Amino acid sequence: MKNWNRTSLITGALAGVTAALLSMGANTQSSLAIVLYAASALPILIAGLGWGNAAALTAIGVAGATAANLVSPYFALLILVVTLVPAGWLSHLASLARPASELGGPEGALAWYPLSDILGHLAGLVTLGMIIVATIIGYDSSVSELMVDMLVEAVKAQEPLYNPDAATIAQLKSMFTLALPLVQGALWVVMLFAAYYVATRIVQMSGKSLRPREDIPSSLRMHRNAIFVFLGGLILTFLGGAPAAIGALVCGTFGAGFLLSGFASFHFRTRGRSWRLPVLWIAYLSVLVFTIPAVFFLLSGLTDTRRTIAVTPTGKS
């Protein structure tokens, strides 16, 4: 046990330094910022999934301390609440298991924490983290209004004849105030889940993973209760002000969960089809280019909710 503790602590410390350096790289490379920020979750996830909670906690602590010393405590707090703590919590949830017999399963087997609940926790953590960040930086509608003004000026520079009236600009600002948190929340949930997926594959290939490899297309769904959270966020968007921004954020984060489950369902339903690969490529490209087709996958995720529990023999992954 002593050697295991030493190994996990050293691994966690190395993971924490790596995570901090990736976050700092994102702070300087604006073109790759979001990719590097999401990648900074990878070392935390790998440490937690492969070496346990002690490694994950060490990694989070070392990453926060490194960022605070090399950049600022303010920067450290931001990456902790948005990236590092969610990553550590996901690795903790993924490692949870209980006797399957407690859930009516077979004796001598383990039932692992459902992937649907892990995805729901991720959406909730991103929502909470972004609310904390917005409170710290003093986010309000003036931020989105400034971005709209900059966008309008950029379009005018390209098209001198473009001259929207005040009502049009006001409508754009109102829409952007809701669109900004919605898109940011959705994008961050997708990026962090991608980091979780990559981390699980790395740990499984290394032979360190206790959790079994799951069939993502059949098991990745949202919990049915998440629908009520999503609808609650949708209602908030009609209230205006800060509640509307929070509602848009909730719609983005939980909507991203349903979007991911919709894609998983699409993968599952097209299995064995000769036309599967080109159709999947077309589906992903259409969402990236046109965005509107994402509504189809969102609705698919909303109509297909379940909790799939992975069960393995005790002591085996």
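A: A residue is called buried when its relative accessible area is under 20% and exposed when that value is over 50%, with partly exposed in between. The model discussed here is a predicted one. Arg-306, with a relative accessible area of 31%, is therefore partly exposed.

Q: With which residue does Arg-306 form a salt bridge?

A: A salt bridge is counted when a side-chain nitrogen of Lys or Arg lies within 4 Å of a carboxyl oxygen of Asp or Glu. The partner of Arg-306 is Asp-304, and the closest N and O atoms of the two are 3.3 Å apart. Salt bridges with shared partners join Arg-306 and Asp-304 with Arg-221 and Arg-269 in one network.

Q: Is Asp-304 buried or exposed?

A: Asp-304 has a relative accessible area of 10%, so this residue is buried. Asp-304 also meets the side chain of Arg-269 in a salt bridge, at 3.9 Å from N to O. This pair links distant parts of the chain, for Arg-269 belongs to helix 11 and Asp-304 to the loop between helix 13 and strand 3, 35 residues apart. Arg-269 itself counts as exposed, at 54% relative accessibility.

Q: How many salt bridges does the count give, and which residue pairs with Arg-271?

A: The count comes to 5 salt bridges. In one of them Arg-271 pairs with Asp-215, with 2.4 Å between the closest N and O atoms. Because Arg-271 lies in the loop between helix 11 and helix 12, and Asp-215 in the loop between helix 8 and helix 9, the pair ties together parts that are 56 residues apart in sequence. Arg-271 is partly exposed, at 38% relative accessible area, and Asp-215 is likewise partly exposed, at 31%.

Q: Let us turn to a helix. Which residues of helix 10 are buried?

A: Helix 10 covers residues 226-236, and its buried residues are Ala-226, Phe-230 and Gly-233. Viewed down the helix axis, these buried residues fall within an arc of 60°, so they line one face of helix 10.

Q: What covers the buried residues of helix 10, and which exposed residues are on the face turned away from its buried side?

A: The cover over the buried residues includes helix 11 (241-269) and helix 13 (294-303). On the face turned away from the buried side, helix 10 carries the exposed residues Phe-228 and Ile-235.

Q: How is the largest pocket to be described?

A: A pocket is an open space, whereas a cavity is one that a probe cannot get out of. The largest pocket holds about 1,300 Å³ of space. Its lining consists of 37 residues, and those nearest its centre are Val-190, Leu-259, Phe-263, Val-287 and Ala-294. Two or more lining residues come from each of helix 8, helix 9, helix 10, helix 11, helix 12 and helix 13. By class, the lining has 28 nonpolar, 5 polar and 4 charged residues.

How values were computed
Residues are numbered from 1 along each chain as its sequence is written. This is a predicted model: local features need pLDDT of at least 70, side-chain atom pairs count only at pLDDT 80 or more; totals for chains, interfaces and linings use all residues. Side-chain values use heavy atoms; hydrogens and water are left out. Buried means under 20% relative accessible area, exposed over 50%, partly exposed in between (1.4 Å probe, protein chains only). Helices (H or I, at least four residues) and strands (E, at least two) are DSSP runs, numbered from the N terminus. The arc is that of the directions from the helix axis to the C-beta atoms. Contact means heavy atoms within 4.5 Å. On a 1 Å grid over the protein atoms alone, a cavity is a set of points where a 1.4 Å probe fits but cannot get out, and a pocket is an open set with protein on both sides within 12 Å along at least five of seven lines; lining residues have an atom within 4 Å of a point. Grid points are joined across faces, edges and corners, and a volume is the space filled by probe spheres set on the points. Ala, Val, Leu, Ile, Met, Phe, Trp, Tyr, Cys and Pro count as nonpolar, Asp, Glu, Lys and Arg as charged, and the others, Gly among them, as polar.
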